Amino acid sequence: MIYFVGLGAALGSILRYLVTTAIKKKSQTIWPTATLLINLSGSFLLGMLYGLATIKVAYLIIGVGILGGFTTFSTMNTEILGLVRSRKCIYAWWYAGTSYLVGIALSFLGVILGNIIK
Amino acid sequence: MNFKNIISVAFFGFIGGILRYLLGVWFDFNGTIIVNILGCFLLAFLTYFLLESETPASWITLGLGTGLIGSFTTFSSFCLDTVKITEIHAHTYLLIYLIISVVGGYLSTFFGMKLGRLSGRNIKRGNRM
């Protein structure tokens, strides 16, 4: 079982790496678009998966594995700190606020949507 | 982007995911707090250590940062945890969970950066001597 989670996490990590490099190549903004997009979409999908109350194996592979490995808390905080250090505090507050508030709201919405579909 | 980088991210991401899973099994919601706080410290340390010591980025550091620590920490579980804790009406715990994650996450990133810069500078000085 534990290897399924690991394989999912490996896949999630590759996806995060590819999405991040692709977005950074396209646009060089100070706003960390890639991580925000990854974290918000991942939070919504995990909420939905939980709401669907799927079988345990699927939840472990897709939820704990892929989505857990796809989204990242450490990169977000390092980016917030980076914005503060380059004296872009307004951006830091907006980035942190959007991530946390919208992330939790989307997760909540995902659970409700999952419950309805189920 | 090359093949070596992707393999490195996948291999270390595999390990990071398993470690996160085990901590989640042992500590439940607190497992998410532990991985996120610890991961924030480690990633900031690594990032600023490499920057300060002027170590060139390689497939190993990419694997450790993006793969291992990126996969170890999780934002989606953090969000879902807050929804689950709200569902069971554990309001005091919810407040504690949020404060430790949000404030603690930032503070551990800050201290990771401080220690990373300090170590990076020392390594660089050591290499020159």
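**Exercise 1. The contact between the chains**

How many residues does the contact take from chain A, and how many from chain B?

*Solution.* Keep in mind that this is a predicted model.
- Step 1: count each side. Chain A puts in 40 residues and chain B puts in 38 residues.
- Step 2: see where the chain A side comes from. The elements giving two or more residues to it are helix 1 (2-26), helix 2 (33-52), helix 3 (56-70), helix 4 (74-85) and helix 5 (89-117) of chain A.
- Step 3: look for the main contributor. Helix 1 of chain A supplies the largest share, 13 residues.
- Step 4: You get 19 nonpolar, 20 polar and 1 charged.
- Step 5: check the scores for the complex. The predictor gives an ipTM of 0.94 and a pTM of 0.94.

**Exercise 2. Chain B as a whole**

Work out the fold pattern of chain B, then look at its confidence.

*Solution.* 
- Step 1: get its dimensions. Along the principal axes, the C-alpha atoms of chain B fill a box of roughly 60 × 30 × 25 Å.
- Step 2: see how much is tucked away. Of the 129 residues in chain B, 44% are buried.
- Step 3: look at contacts in chain B with a separation of 6 or more. Residues 24 or more positions apart account for 80% of them.
- Step 4: check the confidence. The mean pLDDT of chain B is 93, with 98% of its residues at 70 or more. Among its elements, helix 4 of chain B has the highest mean (96), and helix 5 (residues 91-128) of chain B has the lowest (93).

**Exercise 3. The annotated binding site**

Which residues of chain B does the UniProt annotation "binding site" cover, and why do they count as buried?

*Solution.* 
- Step 1: read the record. The unreviewed UniProt entry marks Gly70(B) and Thr73(B).
- Step 2: Gly70(B) sits in helix 3 (residues 59-72) of chain B, while Thr73(B) is in the loop between helix 3 and helix 4 (76-87) of chain B.
- Step 3: apply the cut-off, which is 20 or more other C-beta atoms within 10 Å. Gly70(B) counts as buried because it has 33 such neighbours, and Thr73(B) counts as buried because it has 30.
- Step 4: list partners, skipping residues up to four places away in sequence. For Gly70(B), they include Ser13(A), Arg16(A) and Gly16(B). For Thr73(B), they include Phe73(A), Val35(B) and Cys40(B).
- Step 5: compare the lists. Thr72(A) and Ser74(A) turn up in both.

**Exercise 4. Two annotated spans and a helix**

What secondary structure do residues 6-26 and 33-51 of chain B have?

*Solution.* 
- Step 1: go back to the record. The unreviewed UniProt entry's "transmembrane region" annotation covers several spans of chain B, including 6-26 and 33-51.
- Step 2: take residues 6-26 of chain B. They are 100% helix and 0% strand, with end C-alpha atoms 30 Å apart.
- Step 3: take residues 33-51 of chain B. These are also 100% helix and 0% strand, and the ends lie 27 Å apart.
- Step 4: Helix 2 of chain A is largely enclosed by the rest of the structure, because 15 of its 20 residues are buried.
- Step 5: look just past its end. There, Ala53(A) has a positive phi of about 50°.

Methods
Residues are numbered from 1 along each chain as its sequence is written. Chains are lettered from A and ligands numbered from 1 in the order in which they are written. This is a predicted model: local features need pLDDT of at least 70, side-chain atom pairs count only at pLDDT 80 or more; totals for chains, interfaces and linings use all residues. UniProt positions are given in the numbering used here, feature names are shortened, and annotations may be inferred rather than shown by experiment. Helices (H or I, at least four residues) and strands (E, at least two) are DSSP runs, numbered from the N terminus. A residue is buried if 20 or more other C-beta atoms lie within 10 Å of its own, exposed if 12 or fewer, and partly exposed in between; C-beta atoms are placed from the backbone. Two residues are in contact if their C-beta atoms, placed from the backbone, lie within 7 Å. Ala, Val, Leu, Ile, Met, Phe, Trp, Tyr, Cys and Pro count as nonpolar, Asp, Glu, Lys and Arg as charged, and the others, Gly among them, as polar. pLDDT is the predictor's confidence in each residue, from 0 to 100.
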